[in-house]
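Thanks for coming, everyone. I have one structure to walk through today. Please take a look at it first.

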Amino acid sequence: MKFLRTCGVALILLGGIGGCGLLSINEFRPVAYYDLGSVSPELRYDMHGFSIGAWSGALPSTRRLIVRDGAQHLEELEFHAWIQYPPQLLNAFLLQTSGNAAGTRGEIIGELRQFELDRARRMAWLTVLFRIGDRPAEMRTYKQEWRGGEPGDAAAAMADCAAQLAAELSRRTAE
């Protein structure tokens with residue numbers, strides 16, 4: 001009986017010591033958040049009577065930055081995230097760049113098809129399917145070189161892709 005009690009106490013002590021190792025405090029690392037930038041007055045685009053409608057997207061439902069490292073390999077960056085999900089992020093950017101004007105000629109709606117950072121090719125890729133008013137839908141891809149090696153540099157490249165889209169929408173609505 002004394003032997004069982006001694007073994008029991010030893011097991012409790014070993015469990016306590018082992019448990020402390022499992023509960024050790026790791027270094028805290030905050031998440032860095034990114035958006036497509038604040039829109040300066042020179043980045044405002046006239047949408048010529050069209051308003052920005054809802055944008056959707058069937059992309060991975062994550063706000064973390066996703067980086068392509070090869071043909072079939074995607075990496076989700078644990079400590080780097082977009083401030084919103086990519087379709088909402090693009091929609092907010094387009095609303096800002098257009099001044100959120102009311103549309104008398106119709107809406108510009110779209111679907112985000114690709115919102116990807118490609119580390120291997122050092123490129124940001126943005127592919128959208130959009131419709132201006134009752135015109136036929138169009139698919140466009142915008143790309144921008146990813147300069148620098150940090151996730152913030154990749155976010156800046158994606159912001160440049162979004163600005164290319166806003167500029168094209170402005171040109172197309174003028175037709």
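Let me start with a question: is Asp-118 buried or exposed? Keep in mind that this is a predicted model.

Asp-118 has a relative accessible area of 2%. The cut-off for buried is under 20%, so Asp-118 counts as buried. Where does Asp-118 sit in the fold? It lies in strand β5, which covers residues 106-118.

Now the side chain. Asp-118 reaches the backbone nitrogen of Ala-120 with its side chain, at 3.1 Å. The side chain of Asp-118 also reaches the backbone nitrogen of Arg-121, at 3.0 Å. What else is in contact with Asp-118, leaving aside neighbours within four places in sequence? Arg-68, Met-123, Trp-125 and Trp-146.

Let's step back to the whole chain. There are three helices and seven strands. Reading from the N terminus, the order is α-β-β-β-β-α-β-β-β-α. The chain has 175 residues, and 36% of them are buried. Look at contacts with a separation of 6 or more: 66% of those join residues 24 or more positions apart.

Next, the inside. The largest nonpolar core has 37 residues. Leu-36, Trp-55, Trp-82, Leu-90, Leu-126 and Leu-165 have the most contacts inside this core. Which elements give two or more residues to it? They are β2 (50-57), β3 (64-68), β4 (74-82), α2 (86-98), β5, β6 (123-132) and α3 (151-173). The largest share comes from α3, with 11 residues.

Take Trp-55 as a close-up. Again we leave aside neighbours within four places in sequence.

The accessible surface of the chain comes to about 10,500 Å². Carbon and sulfur atoms hold 56% of that surface. Which residues make a nonpolar surface patch of about 270 Å²? Val-31, Tyr-33 and Ile-83. Find Ile-83 in the loop between β4 and α2. Its relative accessibility is 46%, so Ile-83 counts as partly exposed.

To recap: Asp-118 is buried, whereas Ile-83 is partly exposed. That's my tour; over to you.

How values were computed
Residues are numbered from 1 along each chain as its sequence is written. This is a predicted model: local features need pLDDT of at least 70, side-chain atom pairs count only at pLDDT 80 or more; totals for chains, interfaces and linings use all residues. Side-chain values use heavy atoms; hydrogens and water are left out. Helices (H or I, at least four residues) and strands (E, at least two) are DSSP runs, numbered from the N terminus. Buried means under 20% relative accessible area, exposed over 50%, partly exposed in between (1.4 Å probe, protein chains only). Contact means heavy atoms within 4.5 Å. Accessible areas come from the Shrake-Rupley method with a 1.4 Å probe; for residues, only the protein chains shown count as cover. A polar contact is a pair of N or O atoms within 3.5 Å; within protein, one must be able to donate a hydrogen and the other to accept it, and residues adjacent in sequence count only if both atoms are side-chain atoms. A nonpolar core is a set of buried Ala, Val, Leu, Ile, Met, Phe, Trp, Tyr and Cys residues joined through side-chain atoms within 4.5 Å. Patches are made of residues with over 30% relative accessible area and no salt bridge: like charges are joined within 9 Å, nonpolar side chains (Val, Leu, Ile, Met, Phe, Trp, Tyr) within 5 Å. A salt bridge is a side-chain nitrogen of Lys or Arg within 4 Å of a carboxyl oxygen of Asp or Glu.
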